[in-house]
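Please look at the structure first.

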Amino acid sequence: MSPRRGTGRAERRMRSFPAAVAALVSCGLFLTACATTVSTPVRLSPHDTVKAATRRLTDDCLTRRGLAPPRPGGPIRSAAERQRVAAALFGAGQAELSLRLSTGYVVRAHTDGCLAAAQRRLYGDQVRWFRSSVVVQNLRPEAAQSHRSLAEVRARHRAEIAEWRRLRAHALTEATSLLTVHR
């Protein structure tokens with residue numbers, strides 16, 4: 001008699017029992033994860049919260065102007081339609097805001113587009129936001145160009161960094177409120 005010959009149905013069922021338990025546990029975990037995902041609101045980072053609110057505001061602005069907000073993979077538009085959307089989104093004509101950096105570059109922005117309107121709503125003051133954000137975003141290039149450490153450059157721009165933080169905190173509060181209301 002071989003050792004396998006004595007195995008019966010009960011033994012075969014016992015060997016498949018762990019597989020059945022694993023399948024049930026996996027299914028239960030999957031269902032629990034699905035239930036948790038549905039009932040738990042998504043928490044966005046502060047950056048993503050402001051970005052989502054900016055997108056909502058610019059989309060609403062474009063829609064009010066009779067334009068469809070651009071989407072990756074969306075319908076292909078004519079050159080004229082792309083130009084109309086860009087002008088409505090970013091502004092048209094001569095840029096009203098301008099700041100020359102210590103690196104020699106000049107950064108410009110419009111005050112008449114949907115993006116400008118979103119910035120005024122979120123930051124409270126588009127001009128102050130423009131100036132402080134351009135400086136803060138260019139600290140590394142300034143350090144490289146001036147052969148100073150980033151810490152030295154940050155120390156020189158303490159006021160702009162503090163202003164940037166105040167305006168960013170204001171924008172986060174506004175964005176959170178806006179996204180909560182529109183749920």
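Contact here means heavy atoms within 4.5 Å. This is a predicted model: local features need pLDDT of at least 70, side-chain atom pairs count only at pLDDT 80 or more, and totals for chains, interfaces and linings use all residues. Residues are numbered from 1 along each chain as its sequence is written, and side-chain values use heavy atoms, with hydrogens and water left out.

**The helix pair**

Helices (H or I, at least four residues) and strands (E, at least two) are DSSP runs, numbered from the N terminus. The axes of H2 (residues 46-64) and H4 (residues 114-123) cross at roughly 130 degrees and come within 9 Å. Axes are lines fitted to C-alpha atoms, for helices over the stretch in contact, with angles from 0 to 180 degrees between N-to-C directions.

On the H2 side, Val-50, Ala-53, Thr-54, Leu-57, Thr-58, Cys-61 and Leu-62 take part. They meet Cys-114, Leu-115, Ala-118, Arg-121, Leu-122 and Tyr-123 of H4.

**The pocket**

A pocket is an open set of points on a 1 Å grid over the protein atoms alone, where a 1.4 Å probe fits, with protein on both sides within 12 Å along at least five of seven lines; lining residues have an atom within 4 Å of a point. The largest pocket has 29 lining residues. Thr-54, Thr-58, Phe-90, Leu-115 and Gln-119 lie nearest its centre. H2 gives the largest share of the lining, 9 residues.

| Lining class of the largest pocket | Residues |
|---|---|
| nonpolar (Ala, Val, Leu, Ile, Met, Phe, Trp, Tyr, Cys, Pro) | 14 residues |
| polar (the others, Gly among them) | 9 residues |
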